[in-house]
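Hi,

Here is the model I promised to pass on. Have a look first, and my notes on the aromatic side chains follow below.

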Amino acid sequence: MNMNYFYDIPVYRLKKEKYYKELEEYKKVHLFGSDDNEIKLKKKFYQKYPDRKILFEEHLFKKFGGIWEFNEIIGI
């Protein structure tokens, strides 16, 4: 009988702290933009509609890679 085995060997491109720091920067830029006027308008919008901010943050979190433990693992 042929038995196949799969192993996960966690090899990460970034340390955990750096990954979450880059995630926060990514979310900030995509949530609010970079222009001062745009940032001000989007902050007002998210104050008025906090559920929209939560949904967009979740989307950005998934798009960036999700939780650090499973974002960029190389497996054999």
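From the N terminus on, the elements run α-α-α, and the tally is 3 helices and 0 strands. Helices here are DSSP runs of H or I with at least four residues, strands are runs of E with at least two, and both are numbered from the N terminus. Bear in mind that this is a predicted model, where local features need pLDDT of at least 70, side-chain atom pairs count only at pLDDT 80 or more, and totals for chains, interfaces and linings use all residues. Residues are numbered from 1 along each chain as its sequence is written, and side-chain values use heavy atoms, with hydrogens and water left out.

On to the overall numbers. Of the 76 residues, 17% count as buried (under 20% relative accessible area; exposed is over 50%, partly exposed in between; 1.4 Å probe, protein chains only). Contacts (heavy atoms within 4.5 Å) with a separation of 6 or more come 68% from residues 24 or more positions apart.

The largest nonpolar core has 5 residues: Tyr-26, Leu-31, Phe-32, Tyr-46 and Leu-60. By core I mean buried Ala, Val, Leu, Ile, Met, Phe, Trp, Tyr and Cys residues joined through side-chain atoms within 4.5 Å. H1 gives the most to this core, with 3 residues.

Now the rings. A search of the whole structure turns up 6 aromatic pairs (Phe, Tyr or Trp rings, the six-membered one for Trp, with centres within 6.5 Å; planes under 30 degrees apart are stacked, over 60 edge-to-face, the rest tilted). In one of them, Tyr-19 and Tyr-20 have ring centres 5.4 Å apart and planes at 80°, so they meet edge-to-face. Tyr-19 is buried at 1% relative accessibility, while Tyr-20 is partly exposed at 27%.

Phe-32 and Tyr-46 are also edge-to-face, because their planes stand at 85°, with the centres 5.7 Å apart. Phe-32 belongs to helix H1 (residues 16-32) and Tyr-46 to helix H2 (residues 36-48), so this pair ties together parts 14 residues apart in sequence. Both Phe-32 and Tyr-46 are buried.

What sits over the ring of Phe-32? The charged end of Lys-43 does, 5.8 Å from the ring centre (the criterion is NZ of Lys or CZ of Arg within 6 Å of the centre and within 35 degrees of the ring normal).

Lastly, Tyr-19, Tyr-20, Tyr-26 and Phe-64 form one aromatic cluster. Leaving aside residues up to four places away in sequence, Tyr-26 touches Leu-60, Lys-63 and Phe-64.

Cheers
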